[in-house]
Amino acid sequence: MGKILMKGNDALAEAAIRAGCRAYFGYPITPQNEIPAYMAAHLPEHGGVFLQAESEVAAINMVYGAAGAGARVMTSSSSPGISLKQEGISYIAGAELPCVIVNIMRAGPGLGGIHPSQGDYFQAVKGGGHGDYRMIVLAPASVQEMADMARQAFVLAEKWNNPVMILGDGILGQMMEPVEFTDQPLPAVEKPWATSGAKGRRPNLVNSLDIVPESLEQRNLALMRKYERIRQEEMDWEEVAADDADIFVVAYGTAARAAKSAVDIARREGIRAGLIRPISLYPFPDHPLAKAAERQIPLLVVEMSSGQMVEDVRLAAQGRTTVYLHHRMGGMVPTPQEIAEELAKGCGKKVQS
Amino acid sequence: MTTVFKRPRALSDTPFHYCPGCTHGIIHRLTAEAIDETGVLDRTVGVASVGCSVFSYKYFDCDMQQAAHGRAPAVATGIKRVLPDTIVFTYQGDGDLASIGTAEIVHAAARAENITVIFVNNAIYGMTSGQMAPTTLLGQKTATSPTGRCVEANGYPIQISEMLATLAGSAYIARVSTHNAKHVLQARRAVIKAFDVQQKKQGFSLVEVLSTCPVNWGMAPREALRWMEDHMIPAYPLGEFCAPKEGQTHA
């Protein structure tokens with residue numbers, strides 16, 4: 001099939017349905033409202049369940065119940081709503097249930113604003129809720145990737161029995177771009193642990209409680225081993241103009257789109273700039289950054305936050321190269337021009353505009 | 001030889017962890033008997049809550065999910081919506097259901113969610129060692145109302161059954177007690193009816209079961225039963241607050 005012009009939120013919802021998502025639970029919040037509206041309009045015709053919950057807290061616990069019952073299930077929200085879901089996400093991670101959670105980030109803190117932001121990076125990649133756990137976190141940078149990652153998120157969730165978050169922002173959710181969908185259905189995955197009624201077998205239990213420290217520590221260690229395997233297998237990133245780069249800009253999502261244009265501007269000015277775009281934020285792709293740091297190539301991190309991913313970039317660089325930050329906040333988006341100027345500074349040059 | 005009394009099939013062969021004199025064990029048994037009676041054990045999914053009944057997943061011999069504090073009705077909704085042919089019940093205490101989980105229980109009832117809720121009201125937080133609950137009686141002393149619950153500081157006890165019965169989605173709401181054999185048998189009939197209502201897809205069903213907490217009430221078991229009869233029943237009158245009409249369905 002050909003390409004269709006679609007909003008990012010709609011494309012994500014359509015791709016989720018095509019991937020076999022058959023249950024959605026959510027609560028209204030801007031700028032992700034197209035996702036529940038699309039699910040309400042289209043899930044029932046595929047035999048799926050759409051339910052508007054009384055709160056984000058209830059929605060994520062409905063996801064817990066449905067995932068535990070074996071359904072391919074998702075929820076979506078935006079930053080303040082994602083904060084409310086953290087308790088449930090922790091339980092889902094603890095019970096090792098597969099599900100997809102979409103965060104179309106808006107600016108904070110508090111009620112903040114409704115414009116795009118990347119201020120929830122820490123919350124997404126460092127745990128977010130209580131206790132030791134990780135989500136797999138994917139960062140789309142186009143409407144096509146909003147669709148592709150909706151599908152990929154279900155694959156990863158069911159491969160690892162783990163919650164997967166798609167970390168987008170208000171621009172990715174609201175903008176329209178041509179998008180192509182695959183018609184290849186995602187195969188059903190055996191879930192022998194699901195609570196679907198214990199006919200002909202011993203009862204199943206979906207649970208995160210274990211009050212014996214010796215045994216809970218073993219569970220924690222097993223989770224850590226799983227996260228380590230996820231690190232080995234699921235790191236994903238894109239490199240642009242990397243081969244001869246004297247300087248890299250490091251950015252994800254919407255910031256990476258501006259950064260890509262900035263690389264073009266810088267190259268026209270004779271600055272050999274490249275882009276490293278993390279696609280998986282957890283596991284964080286430290287390999288290409290460590291490689292650049294070894295060669296002492298400066299790393300300019302561009303974020304729509306106070307500077308959160310920059311900490312992971314510094315960890316990857318281990319002090320072997322200069323890591324510096326350019327950032328905008330509050331719903332403001334960095335322009336290619338201002339990023340190009342920062343790239344020039346990093347090389348001791350100036351950009352003619 | 002004839003067996004006249006045995007463990008219900010829906011209860012596992014696991015000793016309860018409950019304190020001596022606590023009526024949770026009776027209420028577990030009534031729930032299990034209702035599952036046996038309605039013949040739905042192999043398609044039942046139970047949802048355990050947080051509080052004294054947090055380990056109820058060890059005792060019910062069916063598929064179980066353990067829910068976060070107060071969220072059992074939301075978890076049950078998730079299960080029931082994706083597997084409508086299962087029989088889904090939650091087992092929740094009064095701290096869980098009437099305090100932190102009020103939004104979830106009210107909206108499950110309002111949606112006519114076709115699930116069954118066993119609501120155990122002992123007027124106190126048991127597991128966390130005797131704090132005031134929303135159901136604590138006026139004047140009742142607890143760890144966090146050491147001079148007795150007073151209206152000025154803590155307002156009034158919540159009557160969950162009366163409140164939920166005002167909602168159109170509630171098909172069957174009853175309050176029962178466990179202070180003597182006669183009332184245990186009445187409670188048994190109410191719990192069976194609640195499961196029956198779900199089986200007939202008539203909507204939301206809840207049985208509020210008054211229960212003792214001798215340890216945190218600071219009473220001997222027999223004294224606790226008497227206190228329940230003398231003080232709790234006047235504050236929480238027994239009876240059916242709503243019941244489905246013949247042939248009524250929501251689903």
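**Entry 1. Where chain B meets chain A**

I began with the contact between the two chains, which takes 28 residues from chain B and 32 residues from chain A. The model is predicted, and I read every entry with that in mind.

I then listed the elements on the chain B side. β1 (44-48), β2 (63-66), α3 (72-82) and α5 (102-110) of chain B each give two or more residues to the side that touches chain A. Which element gives the most to this side? I found α3(B), with eight residues.

I also sorted the residues of the chain B side by type. They divide into 14 nonpolar, seven polar and seven charged.

**Entry 2. Strand pairing across the chains**

I looked for strands that pair between the chains. Strand β9 (residues 205-206) of chain A pairs with β2(B). The sense is parallel, and the pairing runs over two bridges. I picked out Val206(A) and looked up its bridge partner in β2(B), which is Gln65(B). I noted again that β2(B) is among the elements giving two or more residues to the side of chain B that touches chain A.

**Entry 3. Chain B as a whole**

I counted secondary structure next. Chain B comes to ten helices and seven strands. Its C-alpha atoms fill a box of roughly 50 × 50 × 30 Å along the principal axes.

I checked the radius of gyration of chain B against a compact globule. With 251 residues, such a globule would have a value near 18 Å; chain B has 17 Å, so the two agree.

I looked at burial too: 55% of the 251 residues of chain B count as buried.

I turned to chain A. It is divided into domain 1 (4-199 + 207-234) and domain 2 (237-346). Their C-alpha centres lie 27 Å apart. The contact between them takes 27 residues from domain 1 of chain A and 23 residues from domain 2 of chain A.

I listed the elements on the domain 1 side. α5 (121-125), β6 (136-138), β7 (163-169), α7 (170-174) and α8 (213-234) of chain A each supply at least two residues of the side that touches domain 2. α5(A) gives the most, with four residues. By type, the residues of this side divide into 17 nonpolar, six polar and four charged.

**Entry 4. The largest nonpolar core**

I looked up the largest nonpolar core and found 196 residues in it. Those with the most contacts inside it are Val137(A), Phe248(A), Val249(A), Ala259(A), Leu299(A) and Leu343(A). The core draws at least three residues from each of domain 1 and domain 2 of chain A.

Leaving aside neighbours within four places in sequence, Ala259(A) is in contact with Val249(A), Ala251(A), Leu275(A), Val302(A) and Ile339(A).

**Entry 5. Ile276(A)**

My last stop was Ile276(A), in strand β12 (residues 273-278) of chain A. Is Ile276(A) buried or exposed? I found 27 other C-beta atoms within 10 Å, so Ile276(A) is buried; the cut-off is 20 or more.

I listed its contacts, again leaving aside neighbours within four places in sequence. Ile276(A) is in contact with Trp237(A), Glu239(A), Phe248(A), Val250(A), Pro288(A), Leu289(A) and Ala292(A). Of these, I had already met Phe248(A) among the residues with the most contacts inside the largest nonpolar core.

Ile276(A) and Tyr252(A) are 24 residues apart along the chain, and their C-alpha atoms are separated by 8.5 Å.

Note on methods
Residues numbered from 1 in each chain as written. Chains lettered and ligands numbered in written order. Predicted model: local features only at pLDDT ≥ 70, side-chain atom pairs only at ≥ 80, totals over all residues. Domains from an automatic or database assignment. Contact = placed C-beta atoms within 7 Å. Nonpolar A, V, L, I, M, F, W, Y, C, P; charged D, E, K, R; others polar. Core = buried A, V, L, I, M, F, W, Y, C linked by C-beta atoms within 7 Å. Buried ≥ 20, exposed ≤ 12 C-beta atoms within 10 Å, placed from the backbone. Rg over C-alpha atoms; globule rule 2.2 N^0.38 Å. Pairing = 2+ DSSP bridges.
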